[in-house]
Every structure is written in structure tokens, then in C-alpha cells.
Amino acid sequence: MSSAHEQVPVVIPVAHWLVVDAILDNEISVEGEHGDPRHVLDLAHTIRQAGWDHLPDWPTDPAGFADSPQPGQTVTMPLTHTQWDLILDCLDRWAAVAADLETPNSRADARQSRQIADQLRHQLTEHDNRRNDRT
């Protein structure tokens with residue numbers, strides 16, 4: 001496995017990154033209200049900032065999201081394994097929360113979060129396998 005501090009570039013659809021960003025925003029809000037018992041606030045903020053840095057055309061107001069992202073638009077997001085681990089943890093946790101709400105939209109949100117997490121895990125595993133093959 002890669003070092004916790006090594007940057008791992010992952011290609012992700014921008015539409016999926018918007019989901020990640022929203023989930024991290026939820027995580028920051030909830031953790032902040034409870035005194036950050038999991039000690040994830042700083043890490044979550046660094047991840048969101050990385051997203052904004054890698055998406056320079058990120059809309060700055062809600063109306064801007066009407067035309068963004070473009071269908072099929074992707075971004076290569078270089079994050080550390082520690083950052084990817086938090087993203088996966090948050091996707092899993094918020095998928096469980098959404099599934100428990102038992103509304104059609106929340107079930108769809110839960111499925112989407114799980115699919116994104118599965119795709120990210122697959123890419124991270126492939127990255128680690130390629131790295132191990134070289135050593």
C-alpha cells in the first residue's frame with residue numbers, strides 16, 4: 001500500500017466530486033457542532049480546498065451550477081491515502097444515513113454515494129497494485 005502522505009491521482013467525474021464536496025460539507029457541519037470528536041475537520045477542509053484548487057471554473061454562486069459540470073467532465077484529483085480514506089468513510093457513512101431516511105430521493109442518494117465509493121476504491125486498489133508491481 002502507498003504511504004499515507006503520497007499523492008494518489010484519481011480521475012473522477014466532476015459530478016461525483018460535487019457529491020463528495022457536499023458530503024464533506026455535511027461532515028464538517030456535523031463534526032463542528034459536536035466538537036470534532038473524530039478530529040476530521042482540518043482534513044475535510046484540506047480536501048474541499050484541493051477540489052476547489054483543481055476545478056478553477058468551480059461556480060461561485062448557486063446559479064453557476066445550472067451549467068456545471070458539463071456532461072462527462074472529469075478531473076484528476078491528487079490526494080493522499082489519508083484524504084481518500086476520509087472521503088470513503090464519509091461516503092459510506094452518509095450513504096447509510098440517507099438509506100435510513102427511506103425516501104425515494106434518499107435511497108437514490110445512498111446508491112449514488114455507494115457507487116462513487118466503489119469506483120474510488122477500485123481506482124485506489126489499481127493504483128496500489130501498479131505501484132506494487134513496480135517494486
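What percentage of the 135 residues of the protein chain count as buried, and which residues of the largest nonpolar core touch the most other members?

Tutor: This is a predicted model, in which local features need pLDDT of at least 70 and side-chain atom pairs count only at pLDDT 80 or more, while totals for chains, interfaces and linings use all residues. Residues are numbered from 1 along each chain as its sequence is written, and side-chain values use heavy atoms, with hydrogens and water left out.

Of the 135 residues of the protein chain, 37% count as buried, a term that stands for under 20% relative accessible area, whereas exposed stands for over 50% and partly exposed for values in between, with a 1.4 Å probe and protein chains only. The chain has 4 helices and 2 strands, which are DSSP runs numbered from the N terminus (H or I of at least four residues for helices, E of at least two for strands). In sequence order these elements follow the pattern β-α-α-β-α-α. The radius of gyration is 15 Å, close to the 14 Å of the globule rule for 135 residues, so the chain is as compact as a globular protein of that length; this radius is taken over C-alpha atoms, and the rule is 2.2 Å times the number of residues to the power 0.38.

Now to the core itself. A nonpolar core is a set of buried Ala, Val, Leu, Ile, Met, Phe, Trp, Tyr and Cys residues joined through side-chain atoms within 4.5 Å. The largest one holds 31 residues, of which Trp17, Val20, Leu79, Trp84, Ile87, Leu91 and Leu120 touch the most other members. At least two residues of this core come from each of strand E1 (7-13), helix H1 (14-33), helix H2 (41-54), strand E2 (74-80), helix H3 (81-101) and helix H4 (104-134). Trp84 shows how such pieces meet: leaving aside neighbours within four places in sequence, Trp84 is in contact (heavy atoms within 4.5 Å) with Val8, Val10, Trp17, Met77, Leu79, Leu120 and Leu124. Across the chain, among contacts between residues at least 6 apart in sequence, 76% join residues at least 24 apart.

Lastly, consider two loop residues. Most residues other than glycine have a negative phi. Asp36, in the loop between H1 and H2, has a positive phi of about 55°, and Glu102, in the loop between H3 and H4, likewise has a positive phi, near 55°. Asp36 is buried at 14% relative accessible area, whereas Glu102 counts as exposed at 60%.
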